[in-house]
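Here are my comments for your file. Please read them with the model open.

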Amino acid sequence: MAEACRIILNTTFLPSLHSLHKTHKKVSYSQPFLHKRHPAIQCSISTSSDTKAAAKVSETVPWGCDIDSLENAEALQKWLSDSGLPPQKMAIQKVEVGERGLVALKNIRKGEMLLFVPPSLVIAADSEWSCPEAGEVLKQYSVPDWPLLATYLISEASFEKSSRWSNYISALPRQPYSLLYWTRAELDTYLEASQIRERAIERITNVTGTYNDLRLRIFSKYPHLFPEEVFNMETFKWSFGILFSRLVRLPSMDGRVALVPWADMLNHSCEVETFLDYDKSSKGVVFTTDRPYQPGEQVFISYGRKSNGELLLSYGFVPREGTNPSDSVELSLSLKKSDKCYKEKLEALKKHGLSASQCFPLQVTGWPLELMAYAYLAVSPPSMSRQFEEMAAAASNKTTTKKNITYPDIEEQALQFILDSCESSISKYTKFLQASGSMDLDVTSPKQLNRRLFLKQLAVDLCSSERRILFRAQYVLRRRLRDIRSGELRALKIFNGFRNLFR
């Protein structure tokens, strides 16, 4: 399901193109530029969540192949070998986990270095364009790496066989597994209980905003280089879907982001720790196995320590419940507007980059210190106003202040505050999971029905795993509260016993 590499997953890396508002030197030409005509692509630039529009995506983006197809795999392997990829111990095959993946052809030892993809076969911000003038325009406007690579991918795809990367692009999925392809109605229906819904909406908004910024500032000024029938919202949805699921950051190349053909066919496993990087000695992108593989076994890497929600957000899959040790769920905490100190607390939070409503990750193993600090602030009485600043600072992950603060007098109220939020969230998940069995899909097309069933199953898997973590947190919170209250009761009994002795 997920053919991708290790990627930094955070919507903040979608660069804003506000810098394009600055005055830049325009590219001038002494004569009209003649370049290969881009093939006409019937794509809508509408950002509507209309189901029919979403269903047409695979028909309107002509390049690529079905996500489980091997039709172009042999051509890709031959092209890579002819272009400098050394003989491999793996081959692209259909697999149970990930649709397509790299499978061992020979015995592979633990600790063995594999791949050796040379830099010449890596797509990065400095890659040569089939249309050099288009690349020059984007560089003149200082377009950041992400939108630059998204535009580059579309440009190269539109040149078909004339592009050096045609064999690679033809083997990419025509419609990547990505929440970018979920309509707003589907997000609202299937992810209503999960905070990933908000992350998905934010990501879709960022992609749409990035495209609109490019279109307004650059594409409309150079229509001969960026024709709208090629560079539109649907093709950018495709290119960003590819980047989210396949772009890697290579630590040994100063954090350079790149697409690495062949390597991006490796699927993720929660049971491995190895990831891609550039090896200076062999001068290639490699990974070192942390377990042996027999011929016929699928070879895995790690996309990073990500929650099930994060894996769904970028890669479009959810690991089996209980198999991801890095799984977490975001719990939302909010100040009460009825709080007498609401304004003072909000001011303290804003000073440290927080808001009146904040999300914190819960794991089966516990929760961050910042969450407890936020809860202390939320329940603190007016008499503790001098501590508001300290609590807000400790609740922020942007400061280096002491996090492990304790206020024994209000610890019970803080834990109860977290428990109430936790149980409210559990209620939402339970409501969705109970209703999912009888959910009316209302789809007449068999193909669309299969898609909806698939999306619903992903949502059920995600919500089940996130609710499991909330149940664990609920148990721990209740036990802690019981211990506090039992201790208070024992203390009261001892106090009353002493008081009776002296009567």
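Predicted model: local features only at pLDDT ≥ 70, side-chain atom pairs only at ≥ 80, totals over all residues.

1. Helix H12. This helix covers residues 369–379. Of its 11 residues, 9 are buried, so H12 is largely enclosed by the rest of the structure. The buried set is Glu370, Leu371, Met372, Ala373, Tyr374, Ala375, Tyr376, Leu377 and Ala378. Note that Glu370 is among them.

2. What surrounds H12. Its buried residues pack against both strands and helices. The strands are S10 (328–334) and S11 (357–363). The helices are H11 (342–351), H13 (388–395) and H14 (411–436).

3. H12 against H14. The two helices pack at an angle of about 110°, and their axes are 8 Å apart. Angles of 65 to 115 degrees count as roughly perpendicular, so H12 and H14 are roughly perpendicular to each other. On the H12 side, the contact uses Leu371, Met372, Ala375, Tyr376, Ala378 and Val379. On the H14 side, Glu411, Gln413, Ala414, Leu415, Phe417 and Ile418 take part. By class, the residues of this contact are 10 nonpolar, 1 polar and 1 charged.

4. Cysteines. How many disulfides does the structure hold? There are 0. A disulfide is a covalent bond between the sulfur atoms of two cysteines. Cysteine 131 is buried, at a relative accessible area of 2%. Cysteine 422 is buried too, with 0% relative accessibility.

5. Annotated positions. An unreviewed UniProt entry places the feature "binding site" at Arg246, Asp264, Tyr278, Tyr303 and Tyr315. Such annotations may be inferred rather than shown by experiment. Aspartate 264 sits in the loop between strand S5 (256–258) and strand S6 (267–268). Is aspartate 264 buried or exposed? Its relative accessibility is 0%, and buried means under 20%, so aspartate 264 counts as buried.

6. Tryptophan 262. This residue is also in the loop between S5 and S6. Most residues other than glycine have a negative phi. Tryptophan 262 counts as buried, at 1% relative accessibility.

7. Serine 142. Here, too, phi is positive in a residue other than glycine, near 55°. Serine 142 lies in the loop between helix H4 (132–140) and helix H5 (145–158). With 44% relative accessibility, serine 142 counts as partly exposed.

How values were computed. Residues numbered from 1 in each chain as written. Heavy atoms only, no water. Buried < 20%, exposed > 50% of the residue type's maximum accessible area, 1.4 Å probe, protein only. Helix = DSSP H or I, 4+ residues; strand = E, 2+ residues; numbered from the N terminus. Contact = heavy atoms within 4.5 Å. Axes fitted to C-alpha atoms, helices over the stretch in contact; angles between N-to-C directions. Parallel < 35°, antiparallel > 145°, perpendicular 65-115°, else oblique. Nonpolar A, V, L, I, M, F, W, Y, C, P; charged D, E, K, R; others polar. Disulfide = S-S within 2.5 Å.
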